[in-house]
Amino acid sequence: MDGAAGGVPTQRLEWAAQAAHPQDKMKRYEKFADEIAELIRTGVLAPGQKVPSVRHASRTYGVSASTVFQAYYLLESRGLIMARARSGYFVCQHVQRPLREPEVASREAATTEVDVSELVFSVLSSIKDPDTVPFGSAFPSPELFPLQRLARSMSHAVREMDPRSTVADMTPGNHGLRRQIALRYMVGGLPLPIEELVITNGALEALNLCLQVVTRPGDLVAIESPAFYASLQVLERLKLKAVEIPVHPREGIDLEVLERSLEQLPIKACWFMSNFHNPLGASLAEARKRRLAELLKQYQVPMIEDDVYAELYFGQQAPKPVKAFDSEGLVMHCSSFSKSLAPGYRVGWVAGGRYAGEIERLKLMTSISASVPAQAAIADYLQHGGYDRHLRRLRYALESQQNAMLAAVARHLPEQTRVSRPDGGYFLWLEFPEQVDSLRLFQLALAQGISIAPGPIFSATRSFSNCARLNYGHPWTTRSEQAMETLGRIIRSL
Ligand SMILES: Cc1ncc(COP(=O)(O)O)c(C=O)c1O
């Protein structure tokens with residue numbers, strides 16, 4: 001979590017952090033492990049390099065030998081270092097050859113009618129089989145969530161529920177839950193009034209409501225290319241036209257192309273992900289987030305910020321949203337607990353800025369309220385369940401699974417394959433040699449019991465035909481390794 005920002009004194013933030021999560025304080029060895037992980041991530045400690053011996057680290061950093069040991073065990077379980085008999089610990093050679101990043105598809109914005117729903121539905125319906133290797137899935141493994149602890153919160157919250165709350169907790173939502181969410185924003189350096197928060201049925205409803213508030217049929221909406229397929233379907237349903245702005249796999253959305261588009265076209269809204277973009281994994285650096293907020297201000301265009309993966313970062317600090325740089329109330333920040341805590345509970349929210357009131361009214365007209373028991377359960381869990389501790393474990397698991405999948409890409413897929421290496425989330429984006437048709441690959445892999453998410457479902461113009469998104473949100477097993485080997489064989493045959 002960040003220190004003081006947005007004019008809030010550090011002390012107040014620390015107090016708020018402890019008040020919100022008294023039992024979640026990070027242990028010394030976890031902090032030390034994070035410091036070493038950062039050195040590895042930034043390349044200061046290179047693959048194959050020896051990490052400082054326990055004695056040396058203990059002396060240099062002023063921590064006990066047992067703290068260093070615990071930190072090294074943790075880094076080992078995160079797939080970052082490995083022990084060699086009688087030689088000490090070394091940074092893992094995740095990849096036996098350097099993996100190249102995918103390229104940006106185009107440099108210019110394209111305006112299009114959207115027509116992807118059929119393709120998306122046909123792909124999604126075929127990957128539901130639980131026996132299929134879920135590389136094409138949009139969800140992480142349910143095993144990674146504290147479902148038993150949540151069930152206790154659900155049962156406690158429902159038993160204690162004041163019967164009047166079934167009315168009182170309707171839109172804008174359960175006050176305790178909104179207070180916990182507001183505290184998390186504050187600890188992250190973005191204090192906002194609780195009145196801005198509207199609880200929704202997952203992030204997707206929040207995104208839909210926002211878009212409906214700021215557009216009319218026929219309007220132009222700037223979206224990313226590639227984009228989360230549901231955003232394309234929403235545009236199609238609302239009869240909106242997409243202005244596709246290219247996204248770089250590491251740097252995120254191309255701000256020059258966006259600026260030109262805002263200058264030349266009557267764009268009514270932007271819908272972007274600034275952290276751990278789905279499907280590319282890209283995040284905007286802070287300076288670019290600030291620049292984006294300036295562009296919104298200059299052109300007075302609202303932005304719907306989809307930030308559902310924000311909690312799944314591998315670095316030391318939560319990334320800030322664009323909303324943290326928005327002084328105009330133009331950014332509607334949407335997120336949920338679906339990817340980080342409670343899949344299936346369907347609890348999300350929007351911090352709606354200047355549009356909060358309109359969003360609240362539209363929510364009432366659309367579905368009245370999010371489920372009252374589910375809201376109460378999550379409010380109870382956030383207060384007593386140890387959310388930050390769970391998040392740390394979840395991040396470690398995802399990071400180690402990413403390392404395992406990257407190593408498998410290097411081992412089994414053709415050498416020309418390019419792959420993203422995101423700093424969070426649970427998706428890799430792969431670019432295969434030109435001739436590989438990912439829709440054909442999807443069919444052939446599915447026949448072998450393996451799902452993938454083919455590139456064209458992420459584009460209004462069915463681009464990215466030689467690309468695919470792979471999910472590493474599931475514990476890595478021999479079956480996953482074999483599935484990667486099979487994918488490699490199929491790709492070589494195309
Ligand atoms: C980028 C993105 N935004 C929004 C959602 C929807 O989130 P929720 O399940 O909370 O509605 C998803 C789910 O797959 C997603 O990947």
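In the predicted model, contacts in the protein chain between residues at least 6 apart in sequence join residues at least 24 apart in 77% of cases. Of the 494 residues of this chain, 49% count as buried, and the C-alpha trace spans about 65 × 55 × 45 Å along its principal axes. The secondary structure of the protein chain comprises 17 helices and 15 strands. The radius of gyration of the chain is 23 Å, close to the 23 Å that the globule rule gives for 494 residues, and the chain is therefore as compact as a globular protein of that length.

The protein chain is divided into three parts, namely domain 1 (28–91), domain 2 (146–386) and domain 3 (389–493). The C-alpha centres of domain 1 and domain 3 lie 29 Å apart, and the contact between these two domains takes four residues from domain 1 and six residues from domain 3. On the side of domain 1 that touches domain 3, the residues divide into two polar and two charged, with no nonpolar residue.

The ligand is surrounded by residues that include Ala138, Phe228, Met273, Asn278, Asp306 and Val308, together with Ser336, Ser338 and Gly348. Gly202, Ala203 and Leu204 also belong to these surroundings, and helix H9, which covers residues 202–214, gives the most to the shell around the ligand, with three residues. When the shell around the ligand is sorted by class, six nonpolar and five polar residues are found in it, along with one charged residue.

Notes:
Residues numbered from 1 in each chain as written. Predicted model: local features only at pLDDT ≥ 70, side-chain atom pairs only at ≥ 80, totals over all residues. Near = placed C-beta within 6 Å. Helix = DSSP H or I, 4+ residues; strand = E, 2+ residues; numbered from the N terminus. Nonpolar A, V, L, I, M, F, W, Y, C, P; charged D, E, K, R; others polar. Rg over C-alpha atoms; globule rule 2.2 N^0.38 Å. Buried ≥ 20, exposed ≤ 12 C-beta atoms within 10 Å, placed from the backbone. Contact = placed C-beta atoms within 7 Å. Domains from an automatic or database assignment.
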